[in-house]
Every structure is written in structure tokens, then in C-alpha cells.
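Please look over the sequence and the model shown here before reading on. The paragraphs that follow lead through selected parts of it, one region at a time.

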Amino acid sequence: MSATDTSTTLPSTAGRGGGSLGVARNLGLVIALVLLCVVGIITSGDRFASTDNMLTILRLAAVIGVVSIGMTFVITGGGIDLSVGAIVALSSVWATTTGTQSMADDFGWIVMVFSAVIVGTACGVVNGVLIAYGKIVPFIATLAMLASARGLAEIIADRKTQIITDQGFTDFFGAEPLGIPMIVIIFALVTLVGWFLLNRTTFGRRTFAVGGNPEAARLAGIKVQRHTVYLYALLGTTCGIAAVMLMSRTTTGSSTHGLGYELDAIAAVVIGGTLLSGGRGTVIGTLFGVIIFTTLTNVFTLNNLSTSAQAVAKGVIIVVAVLLQQRIADRKT
Amino acid sequence: MSTIHHRRRRGLALIGAIAAATLVLSACTNGSSSDDGANSTVDKSNTDNDKSGDKVVIGFSAPAADHGWMGAITKNAVAQAKQYDDIDLKVAEGTNDVNLQISQVETFINDKVDAIVLLPFDGAAMTAVARKAMDAGIIVINVDREFDSPFAARTTVLGDNYGMGVSAGTYVCDKANGDKNKVVAEIAGIDSLPLTQDRSRGFKDALTKCGLKVNNRVAAEFTVESGEKAASNLLQAAPKIDYLWNHDDDQGVGVLAAIKNANRKEFVMIGGAGSANVMRAIKADNTVLKATVIYPSTQAADAIKLARLLVQKKSMSDLSEIEVPRELKLSAPVVTKDNVDTYLKSAFES
């Protein structure tokens, strides 16, 4: 009963998330992306505007993109997760140990996919339980997970790179049906499911409610603690999927995979227009955030520009995006 | 010193053509990689290999320059490319994210570059995309961290980690001069890395030959902070040391700080990798640092030269072989006060 009740009792909070405001904010992102593309075409011409290059951008965006979609849910729900990169590393290592790989030889490579997703989800559940029931601040709980998950990955892998021997796995995820790389298709599916989940289900409505005002949400009958665990578990699952994508791209599992993903994902989510304090979030915005950052990287690579210049540009874009976002929000409310 | 060189040469001679290439290459790079870059390579070449030829587009990608040696790798590669007006070098952003490094190589493939010089963050993880580049007809030169498939690169340029250990151990044996009671200590880098294990194995093997062993061994993590921590523990554990080999000059900054704090002077310290700081200290001769073993930061610069030769279908002028070799292992010479001026030019700033 509470399911339907919730969605009707909290229309204002939720409505703001995907309503007219969202359109305006996404408009800013579209303009930013178009500007970037114009810069790319002016500076690199056909090298930028080729199908091959578009696919290169999308392949690069896919791994971090899937993590960012999961991160959108956690941040919308009023949390934060610093451990995503470490979870990706641990999942990739767990799924490529000699034990898992010999099991995969017997039962098919799907075993590797399942173990990566299960390990990722389990880490997410641990994060969620520590935060919801252990009452540890998300920042601290996930910081602890960051350290221990990567440490555990190093122990399991003995800091070595584990090579995937199963040809079926690399063939499947390396395939390009209709000319579109498999990992880009997975990214598209995750984005679609994410958008549907956040905007068209009670799960999504509850996420906005929990992020906007946990106390009000509790009074409205939402089991806030349980929902928080779900959110972190969901992010863990996307980390597991990202690990599988990274495994297919590198044909390895390694404790060094996913370094710095937490900041990339949070940056993409925030410039996409999701409020860092929770209560407002947009999957489409996050998609744009990810694409904008990867396109930026691509334009810089095509033009032979240095690391340092790129880091400065990223910083400026984050600040400008957030400032714009505030201006637009002020005008609309 | 001369005995070391004889031993090294004898050992390397066994590898035949590769050995010759090694000596030629290290000779070349010593002259050519310095920043002010007087064209000493041109003088050394006895063919017209260095004359401007067909335009060569080379893509270059390496890990983030988070320590001095890695920074020097890219700097030397860029400086090398600038010496040829027929090279168009595209440098991708240095990164420790394999996902991003893969996409950089994909961009090079899209651009249809002639060759790719690749120092992978993780050799195994970059193998698949390197192979894709080779399949697309692009010449891939693998630097320092090896791919796990021979199909993924046309030529591989490597440093000699085992050789570093041998060089350091042989130097210690030389100094000990038959005295089997000398106390030897070792500060290694990250212990789980194959390169650290190779270095330690070489050091041990060389010491065994003259009846010495490693009495105290600790491992650091290539950073200044870890070097300081490991060294202070070691100095506590060993009240008297005769020889100390530190694997890496970047972490050596911390090691030296710990030695200074403990006020120890009774031993001879040997460095590793060959940073300019350490070489200047060797030259000044006023610290415990008396030698260092080089791990060339010019590997990528050599790879650029080889890529150019391969694309222009030239051969290495000092070899009788027509084709450029499949693998080049660069030498790991010992630098002391006597020969420091030769190597200081090509040293990296940490």
C-alpha cells in the first residue's frame, strides 16, 4: 500500500527532479556538448567527426558511465560512495582468479560475469548496511571500503595482473553487433534501465524522497534504512558490471583497475545536475556529464595537449557547470 | 671499474646481435637525449639513417609522470622526436587508467598513424588493443613493461632489471675485494613486482659469486616517504653496515634523509635507476653515495628512433642484420665518480 501512497504524497519533490527544471538544465548540458563538438571539429576536422572516433569516445565512456549511473542513485538518495573504483578492482580480480577461471572452463564464462556482479553487489550491501544500520557517515564508511576492497584485491591477486584465458568471454564482449561495440550496448541498456527505475517506478520516487528529507520519507512510510541498503547495493551491481566491461577491454583483472573512478563518477553526476546534497537527480544529466568529460579527453588527445592543461579544463568545466546550474535553479524557483 | 665492464661485455656478448645493439644504443642515447640536444647522434652514425626521409607519424602513450623516471621517459621521447623533422609525434595524456590508455591507442588506430610507441601502465592489460593496432598494420613498439603476446609488438625495448642487480652486486664484490665478512644491506622497491624480484635475484647471484650475502633486506615502495621509513627501520636493525644497495633513486631521497637523521657514515651506498640528484652527489663525493646503477630513462626515446627506422624501412646501421631486432635490452652500467660525467647528461631529475 505504501508504494502507491508514497508516489502520490510526495509529488512536489519528485516532480522537480525530472520536470521543467530538468529540461532547462539538460539544455545547458546539450549546449556545452555541442560547443565541445564544435571545438573538436574546428581543431581536428574529420578526425573528430568520424564514426570510428565516436565509437572510441563511447567505448571510453561506457565503463565509467555505468558506474556513474549507479552513483546517480546513491547521490540522489542523499549519500556518496568513494569506494566505486576499489569495488571495480576487487570484482575484476575476484572474477579472474585461477579458481574462478577454472570454474568458468567447466560451466562457461558466464561464471566470471556472475562472480564480478555478485562481488560488486556484496560490497555495496556492506556499504549500505554500515551506513543505514551502523549509522556511519557515508563518506567514512565508503572510505573504509575504498581502502579495504583495494587491499583485498591486492592480496587476492598478489598484486599481479590476472590474464583471462577464456576466448569465449573476450569474443562475446569484444563483439560489435551492427557495428556497435558490445560494451557500448551494455552502457545504453544500463542507462535505459536506470532512467526507467529513477523516473517511472516507486523505487525512484522513494529515492528522491529519502534524499530530499529522510525524516519526512520515514513518516510517509518508507523504510529509509532498507532503501539506503538497496541504493548502495545497486551501485555495487553497476560496479560489478563495469568490472566485467573493463575485463573485456583489458582481457585482465587487476588490483590497479578503476583508479580514481570515484572522482570521475561524482564529477559526472554533479555536472549532470544531480544535487550533491540529495533529493534531486537525473540519469540523462549524468549521461551527458560522462559524455562531456570523455569528449573533452578525446578532443585533448586529438590535439596533442598535455595532462596538466586537461586537468585545468576539467576543473573549470566543473565549476562553470555548477555555477550555471545554480543560476538556472534560482531563476526557475 | 674495468673488470665490471669486461664482465658485462663478456656476458652480453653471448646474446650476439642484441648485445651489439645494446652497446650501440646506450652509446647513442647518452649523447642524444640531453635537452639542449646537440646532434651527437649524427656524428656517430656512419650511414644516412639520420637524414630526413618520408614523413613518419608516431603515436606515443605512457603512464602518468608520477615519479622522476617516468617523467623523463616522456620528456626524452619528445626531445628525441624533435631532432627529426620527418617525425610527427602525437603524445597522449600520461595516465594510470588502463581504460583511458586503451582509448588513446584506439584513437591512434583511427588516425591511422604509422607507428605507436607504448609504455603500458600494465603490459598484460594493453596487449589486446596493441594487437588490434598490429592487425591494422601499425608498427607497435613496446617499451619497458612487456605485453603477454609476441604478436602484439614488432619490437620491444626493455631495461635490464636482473642486470641492475648484477651490476650493483659486482660493484660490491669489487669493493669488498675478497673480504667475506662484509655486511651487505638492501632496500628494495615494491616487493611483489616482478621487476623488484629480478633486481634482488641479480644482486644475490652476483654477491654469491664472491662469497657475500644480503645480511639485511627491507622493501620500500618507490616513494620518498616509504624510502625514509624503510631505511630508518633498517638502520635500527643493522648497527653496522658496509654496503647498502637501494633499488631506486626516487625513494633514495627518503633513504638519504634517514641516513642523515641516524648520523651514519660507515658504509658505502649504491643507488638505482640513475637520477641526476644522485649523480651530482656521487660527483661531489661528500655523502655515503658512491655509485648508482642505471635503468635508462631513454628507453622510449630509443623506441621512437626504432619506430622511425621501421616505418622508413631502414636497418640499424651498426648491425649487419637487415631487419631491426625484435628485442633490445638496454645495459645497466655502474656510475661512479670516475665516469659520472658521461652519464650525468642523460640522467633524470627526480
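**A walk through the two chains**

Lys112(B) lies in the loop between helix 5 (98-111) and strand 3 (115-118) of chain B, where helices (H or I, at least four residues) and strands (E, at least two) are DSSP runs numbered from the N terminus. The model is a predicted one, in which local features need pLDDT of at least 70 and side-chain atom pairs count only at pLDDT 80 or more, while totals for chains, interfaces and linings use all residues. Residues are numbered from 1 along each chain as its sequence is written, and chains are lettered from A and ligands numbered from 1 in the order in which they are written.

Although Lys112(B) is not a glycine, its phi is positive, at about 55 degrees. Most residues other than glycine have a negative phi. Because Lys112(B) has 12 C-beta neighbours inside 10 Å, it counts as exposed; a residue is called buried if 20 or more other C-beta atoms, placed from the backbone, lie within 10 Å of its own, exposed if 12 or fewer, and partly exposed in between. Leu178(A) sits in the loop between helix 9 (167-174) and helix 10 (182-200) of chain A, and it is exposed, with 5 other C-beta atoms within 10 Å.

Chain B as a whole holds 13 helices and twelve strands, and 53% of its 350 residues count as buried. Of the contacts in chain B with a separation of 6 or more, 74% are between residues 24 or more positions apart, a contact being two residues whose C-beta atoms, placed from the backbone, lie within 7 Å.

Within chain B, strand 6 (residues 184-188) is mostly covered, since five of its five residues are buried. In a regular strand the side chains alternate between the two faces of the sheet. In strand 6 of chain B, Val184(B), Glu186(B) and Ala188(B) point one way and Ala185(B) and Ile187(B) the other way, and all are buried. Strand 6 of chain B pairs in the parallel sense with strand 7 (residues 214-219) of chain B over five bridges, where pairing requires that DSSP finds at least two bridges between the strands. In this pairing, Ile187(B) stands opposite Val218(B). The chain crosses from strand 6 of chain B to strand 7 of chain B through helix 8 (residues 194-209) of chain B, and this β-α-β crossover is right-handed, which means that, with the strands pointing away from the viewer, the path from the first strand over the helix to the second runs clockwise. Strand 6 of chain B also pairs in the parallel sense with strand 8 (residues 243-246) of chain B, over four bridges, and here Ala185(B) stands opposite Leu244(B).

Gly202(B) is buried, with 23 other C-beta atoms within 10 Å. Leaving aside neighbours within four places in sequence, Gly202(B) is in contact with Tyr162(B), Gly163(B), Met164(B), Gly165(B), Val166(B) and Gly169(B).

How is burial arranged on helix 8 (residues 138-157) of chain A? The buried residues of this helix, among them Pro138(A), Ala141(A), Met145(A) and Ala157(A), fall within an arc of 150 degrees when seen down the axis of helix 8 of chain A, so they line one face of the helix; the arc is that of the directions from the helix axis to the C-beta atoms. They pack against helix 5 (84-94), helix 7 (110-132) and strand 1 (162-163) of chain A. The face turned away from the buried side carries the exposed residues Ile140(A) and Ile155(A). Helix 8 of chain A is followed by Asp158(A), whose phi is positive, near 55 degrees.

Helix 14 (residues 261-272) of chain A has eleven of its twelve residues buried, so it is largely enclosed by the rest of the structure. The buried residues of helix 14 of chain A include Tyr261(A), Glu262(A), Asp264(A) and Gly272(A). Just after helix 14 of chain A, Gly273(A) takes a positive phi of about 115 degrees.

Finally, the two chains meet where 30 residues of chain A are in contact with 24 residues of chain B. The largest share of the side of chain A that touches chain B, six residues, comes from helix 4 of chain A.
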